[in-house]
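Work through the exercises below with the sequence and the structure at hand, and try each task before reading its solution.

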Amino acid sequence: MEEILKFELSNEFRQRFQHAVDERDEGFIKEILEGVNPADISALLHEFDTEDSKYVIDLLPSETRAEIINDLDEDIRERFLKVFQPGEITEIVNHLDSDDAVDILNELPIKEREEVIASLDNEEKEANILDLLRYEEDVAGGLMAKELIKANVNWSVVQCIEEIRRQAENVQKLYSVYVVDDNDRLLGRVSLKRIILAGDKTQIADIYEPELISVETYMSEEEVAMVMRKYDLEAVPVVNMQGKLLGRITIDDVVDVITEQAEEERQIMSGISGDVEEDDSVWMLTKARLPWLVIGVFGGFISAMLIGVFEDELLRITAIAFFIPLIQATGGNVGIQSSSIVVQSLANPSAFSDSLAKRLIKVFMVAALNGAVLAVLVYGGNVISGGTQNLAVVVSIALFCVVLIASFMGTITPLILNKFGFNPALASGPFITTTNDLLGLAIYFYTVHLML
């Protein structure tokens, strides 16, 4: 009998698993995947086409199957679900929390979505899903799950424990019990530790904590992520305008939001417009990258025209051309450093408690110190390499001015973009680099024009 390999995402295992899939070796596949974390199975199935992946998934228990589908990237899952029948999707949805179920339903055509909802065997889940579908995906109402544990403030501990047992069957992660009044308005929370240590006849009103951070249904996902990160929360309750408890958002949902934000900002800072991945089509990748490349080309044209304006200086003192790359590179680097710090600070509003004037003074002082050090280094390098004294002084002064202006632009640009509702990460990519290249050249040549 052939030895069964241990599950491991190695080339040897992938090859053996591919062979088992090709041969439709049901026994090997079931045995090797038994007890394996669904997230690891999802990573393995990324290597296979849709037909083979579905064959593997169909061999697994329903709950594992649902977790695997839920773990897939949104664009991959959307394509993958096309090979599933509505009945199969219904079975998957039945094993997911309401928020994850809604994410999947939103990726289906309307007709198929309605078929799945109509086929749900749990009326409470159907009601929860229908309630969540009315919220936008990027607000707290769209992120929350309806499954939670809540207790009436007038209950005893015994009643609360009975309710926990009843409700916990549908709640995968239990962090605490939310306390509500007779109108379902959120009053606070009570920890499981307090419930366990309290006497049977103790009233929930006597042991619950009234101080509780919550979010409203209309809050953006970015605001929710900021609240949970600031207060180090594992879960946060969601309420409506009247304070009625509607659901909760858990940390795993917020991690997804933070990851998506980081990926989006990284792409914007790299000059990629749009959410794309390596396995997207050539056209999608080209369309995402081309706009900023075109802007960069136009910036290059303007730089060439700017150099043409100072053609006389270049013909008179050809040595000044040697320092053009130095000026441009330094201006671009300083601008990116400054803008990156501001973009990072914008994620934490308390970082901007100081007035704008105070921040700009601090930016000026840092830039002046950096500029002075760089100017001295360039001056020394010029003298050591045999350059003329006058040219060394001019290049150093120009570099000092470029550092000041680039630092100012890198600071103020993301603040302005943020003020007008644009993603401030734009200021950390080709936009600020191209702008500072042009400003650096203009400052450099104008300094040369005045002093030489």
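**Exercise 1.** Is Arg189 buried, partly exposed or exposed?

*Solution.* The model is a predicted one, and in it Arg189 has a relative accessible area of 23%. Buried means under 20% and exposed means over 50%, with partly exposed in between, so Arg189 is partly exposed.

**Exercise 2.** Find the salt-bridge partner of Arg189 and say where the two residues lie.

*Solution.* The side chain of Arg189 meets that of Glu209 in a salt bridge, at 3.2 Å from N to O. Arg189 belongs to strand S3 (residues 186-190), whereas Glu209 sits in the loop between helix H14 (204-207) and strand S4 (215-216), so the pair ties together parts that are 20 residues apart in sequence. Glu209 is partly exposed as well, with a relative accessible area of 26%.

**Exercise 3.** Describe the salt bridge between Glu91 and Arg65, and then the accessibility of each residue.

*Solution.* The two side chains meet at 3.4 Å, N to O. Because Glu91 lies in helix H7 (residues 86-94) and Arg65 in helix H5 (residues 62-71), the bridge ties together parts that are 26 residues apart in sequence. Glu91 is partly exposed at 31% relative accessible area, while Arg65, at 13%, is buried.

**Exercise 4.** Which residues make the nonpolar surface patch of about 590 Å², and in which helix is Val297 found?

*Solution.* The patch is made by Leu290, Leu293, Val294, Val297, Phe298 and Phe301. Val297 is found in helix H17, which spans residues 282-309, and is partly exposed, with a relative accessible area of 47%.

Technical notes. Residues numbered from 1 in each chain as written. Predicted model: local features only at pLDDT ≥ 70, side-chain atom pairs only at ≥ 80, totals over all residues. Heavy atoms only, no water. Patch = residues over 30% accessible without salt bridge, like charges linked within 9 Å, V, L, I, M, F, W, Y side chains within 5 Å. Areas by Shrake-Rupley, 256 points an atom, 1.4 Å probe, with all protein chains shown as cover. Salt bridge = Lys/Arg side-chain N within 4 Å of Asp/Glu carboxyl O. Helix = DSSP H or I, 4+ residues; strand = E, 2+ residues; numbered from the N terminus. Buried < 20%, exposed > 50% of the residue type's maximum accessible area, 1.4 Å probe, protein only.
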